[in-house]
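This report describes a model that comes from prediction. Please look over the sequence and the structure shown below before reading on.

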Number of protein chains: 2
Amino acid sequence: MSKSNNVYKDAYNRCLRLLDETRSLPSEPELGTLLGVSRTTVRSILARMEETGLIAWNKRAKTVLRDPRPDDFFPEEETDTLAEIIERSFMRRLLAGGAEAGMQINELELAREIGVGTTSVREFLIRFSRFGLIEKRRNSHWVLKGFTRAFALELTEIREMFELRSAAAFAALPTDSPVWADLERLEDEHRQLAREIATRFNAFSELDERFHRLIHRASRNRFIVDFYDVIAMIFHYHYQWNKAQERERNEVAVGEHLAYIEALKSRDLGKVDAACRKHLKSARQTLLTSIPESRSPKS
Amino acid sequence: MSKSNNVYKDAYNRCLRLLDETRSLPSEPELGTLLGVSRTTVRSILARMEETGLIAWNKRAKTVLRDPRPDDFFPEEETDTLAEIIERSFMRRLLAGGAEAGMQINELELAREIGVGTTSVREFLIRFSRFGLIEKRRNSHWVLKGFTRAFALELTEIREMFELRSAAAFAALPTDSPVWADLERLEDEHRQLAREIATRFNAFSELDERFHRLIHRASRNRFIVDFYDVIAMIFHYHYQWNKAQERERNEVAVGEHLAYIEALKSRDLGKVDAACRKHLKSARQTLLTSIPESRSPKS
DNA sequence: AAACTGTTTTTTCACGATAAAAGACATTAA
DNA sequence: TTAATGTCTTTTATCGTGAAAAAACAGTTT
């Protein structure tokens with residue numbers, strides 16, 4: 001089977017959505033940058049669109065013939081990367097109980113269960129290892145360290161250290177820095193969400209990530225910026241896992257973000273520190289309450 | 001070729017050194033734990049030792065017949081892991097000039113040049129990416145970010161944050177904690193080295209790593225402990241690269257370590273902070289002076 | 001019966017091969 | 001003569017395969 005063409009399928013679907021807006025498509029290189037793929041892939045997309053009668057394609061002329069129908073799209077699940085598929089499978093197993101700390105992870109078994117080659121699983125595990133949840137025994141298997149209370153505490157300790165520093169750096173940024181406009185925009189989005197919190201509360205997690213990433217970027221330190229990947233990953237699955245009082249939690253968080261933004265805009269380091277601390281404290285609390293008490297944390 | 005038997009060869013060599021000390025070898029499982037390999041490998045080793053007339057092997061009886069000769073050993077280079085070989089090759093290219101920031105890395109070319117499969121190179125690059133020196137373009141090549149001044153500054157910023165916190169945690173450890181004995185032992189080694197600094201100054205880098213790892217471990221935070229891998233890696237190659245004034249630098253560092261150890265033993269947080277800061281500052285300076293001025297740091 | 005040795009099965013590690021995707025080069029149109 | 005299209009080459013992503021190494025099982029010895 002060697003390689004799935006999910007890049008093509010995903011780009012094709014995104015290109016279909018473009019069709020609604022225009023009567024004719026731009027040049028191949030332009031489409032390429034627009035979709036984030038190479039011209040080779042763009043041409044496959046165009047070829048198929050011609051075949052299915054969506055467009056007429058002759059050299060530079062790419063005229064839209066009809067609007068895309070639902071069945072023109074490739075099914076969602078065929079557009080995922082292998083890495084995403086493996087990650088989801090792995091996290092499901094990890095969170096859906098029975099994942100005791102110390103348990104060993106079998107590459108071959110995982111690969112068979114997901115229906116992929118061992119190489120992909122190996123590469124996934126290597127990439128995943130930086131999240132601190134698994135560990136490799138030299139020349140041997142991987143060991144699961146478990147999504148425990150200790151893990152959450154270690155993670156949040158670093159997070160707090162990094163974010164306090166980033167927030168301070170943010171506040172010290174010159175007034176003409178473009179981040180202030182970004183912050184303004186995020187503030188608007190927060191206010192909007194606050195108004196519609198009753199119905200749109202699940203839109204928070206995405207906004208949360210963008211907000212914190214903006215702040216972390218102010219540190220101008222790749223290790224701090226990269227570490228947010230760990231946090232984002234954990235919170236991503238945590239949100240899916242723990243739906244208890246989601247609406248209330250998010251409402252509180254939006255309020256804290258707004259206060260935090262206010263503090264940043266004041267550029268008063270004392271206020272920034274206080275607002276940041278307050279938010280991080282409740283974020284930690286949220287994470288901690290969702291973790292079941294650890295059983296017997298051995299070695 | 002599929003897989004080299006470097007585990008066997010390395011364990012065999014180490015086992016040869018064991019032969020000098022005893023008249024007969026222990027049981028297979030015991031040898032296994034001693035050498036850190038499985039019983040399967042132990043049996044291969046014993047089989048070969050019997051063949052070459054080093055021992056007589058009959059079930060439990062493994063009597064040493066003669067002392068090992070130099071030519072009994074496998075050549076050193078055959079005992080390295082593929083990962084080590086790739087890392088060395090890669091770092092040599094990276095440090096030996098011509099490694100401009102922004103340059104792209106070609107898996108296939110690297111693999112061919114080193115004479116290994118692409119899979120091993122890919123896995124190496126994924127593992128190596130956490131050091132922050134390279135970055136992956138989705139569905140495409142890796143990009144070298146370069147061993148620049150900016151990199152060194154970002155690295156040391158985190159290092160200082162982590163070490164100051166770890167040192168404070170260390171000083172707060174209860175008196176009956178085993179780390180105090182470890183520290184005592186390290187202090188002795190430092191004193192010894194200080195006395196013989198003229199001849200043994202290159203023994204410092206190994207001692208340095210052990211000392212700092214001991215301190216970082218006091219943080220009881222996996223992210224802090226793991227981050228020392230990044231530091232260790234950089235300093236390892238940095239030591240090989242920059243030999244200028246090595247003796248003087250190391251002499252100074254040993255002195256700083258001793259003051260640092262003294263401060264830790266006093267358990268006075270103010271003193272610890274001061275000693276730690278002082279040492280980290282000069283460590284940063286050392287690293288920075290060895291990096292040539294960056295040319296044009298783009299994007 | 002506890003700990004060892006002998007044997008078999010399973011898993012990890014690394015390779016070469018192949019389709020997807022990217023990239024480079026040659027050609028043509030505006 | 002610039003920027004597109006058409007064509008060809010190279011690189012990346014993924015798999016199946018096989019040897020090395022680990023692990024499990026079964027039979028022995030003390």
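**Symmetry of the two protein chains**

Chain A can be superposed on chain B by a rotation of 180 degrees with 0.0 Å of shift along the axis, and the RMSD of this superposition is 0.2 Å. The two copies are therefore related as by a two-fold rotation axis. Within chain A, the C-alpha nearest to this axis belongs to A:Glu123, at 3.1 Å from it. Both copies use the same surface, since 100% of the contact residues of chain A recur in chain B. As a general principle, a rotation about an axis and a shift along it relate two copies of a chain. All of these values are computed from a predicted model.

**Chain A as a whole**

Chain A contains 13 helices and five strands. Along the principal axes, its C-alpha atoms fill a box of roughly 60 × 55 × 35 Å. How much of chain A is made up of buried residues? Of the 299 residues in chain A, 44% are buried. Among the contacts of chain A with a separation of 6 or more, 66% are between residues 24 or more positions apart.

**The surface near DNA strand C**

There are 39 residues around DNA strand C, and the closest are A:Thr41, A:Arg122, B:Arg39, B:Arg43 and B:Ser120. Of the atoms of DNA strand C that come within 4 Å of the protein, 72% belong to sugar and phosphate.

**The surface near DNA strand D**

Sugar and phosphate make up 69% of the atoms of DNA strand D that come within 4 Å of the protein. Here α2 (28-35), α3 and α6 (118-128) of chain A each supply at least two residues of the surface, as do α1 (6-19), α3 and α5 (107-114) of chain B. The residues near DNA strand D comprise 18 polar, 15 charged and eight nonpolar ones.

**Distances to phosphate oxygens**

| Residue | Part of the residue | DNA strand | Distance |
|---|---|---|---|
| A:Asn6 | backbone N or O atom | C | 3.4 Å |
| A:Lys136 | polar side-chain atom | C | 3.1 Å |
| B:Arg43 | side-chain N or O atom | C | 2.3 Å |
| A:Lys62 | polar side-chain atom | D | 2.8 Å |
| A:Ser120 | polar side-chain atom | D | 2.6 Å |
| B:Tyr8 | polar backbone atom | D | 3.3 Å |

**A buried lysine in a helix**

A:Lys9 lies in helix α1 of chain A. Is this lysine buried or exposed, given its relative accessibility? A:Lys9 counts as buried because its relative accessibility is 15%, which is under the limit of 20%. Apart from neighbours within four places in sequence, A:Lys9 is in contact with A:Phe74, A:Glu78 and A:Thr79. The side chains of A:Lys9 and A:Glu78 are joined by a polar contact of 2.7 Å.

**Two residues with positive phi**

Most residues other than glycine have a negative phi. A:Arg267 has a positive phi near 60 degrees and is not a glycine. In chain A, this arginine is located in the loop between α12 (246-266) and α13 (269-289). A:Arg267 is partly exposed, as its relative accessible area is 35%.

B:Lys59, also not a glycine, has a positive phi of about 55 degrees. The loop between β1 (55-58) and β2 (61-64) of chain B holds B:Lys59. B:Lys59 counts as exposed because its relative accessibility is 70%, which is over the limit of 50%.

**Cysteines**

How many disulfides are there over all chains? The count is zero.

Definitions and conventions: Residues numbered from 1 in each chain as written. Chains lettered and ligands numbered in written order. Predicted model: local features only at pLDDT ≥ 70, side-chain atom pairs only at ≥ 80, totals over all residues. Heavy atoms only, no water. Disulfide = S-S within 2.5 Å. Near = heavy atom within 4 Å. Polar contact = N/O pair within 3.5 Å; in protein donor to acceptor, adjacent residues only side chain to side chain. Least-squares fit on C-alpha atoms with pLDDT ≥ 70 in both. Contact = heavy atoms within 4.5 Å. Helix = DSSP H or I, 4+ residues; strand = E, 2+ residues; numbered from the N terminus. Nonpolar A, V, L, I, M, F, W, Y, C, P; charged D, E, K, R; others polar. Buried < 20%, exposed > 50% of the residue type's maximum accessible area, 1.4 Å probe, protein only.
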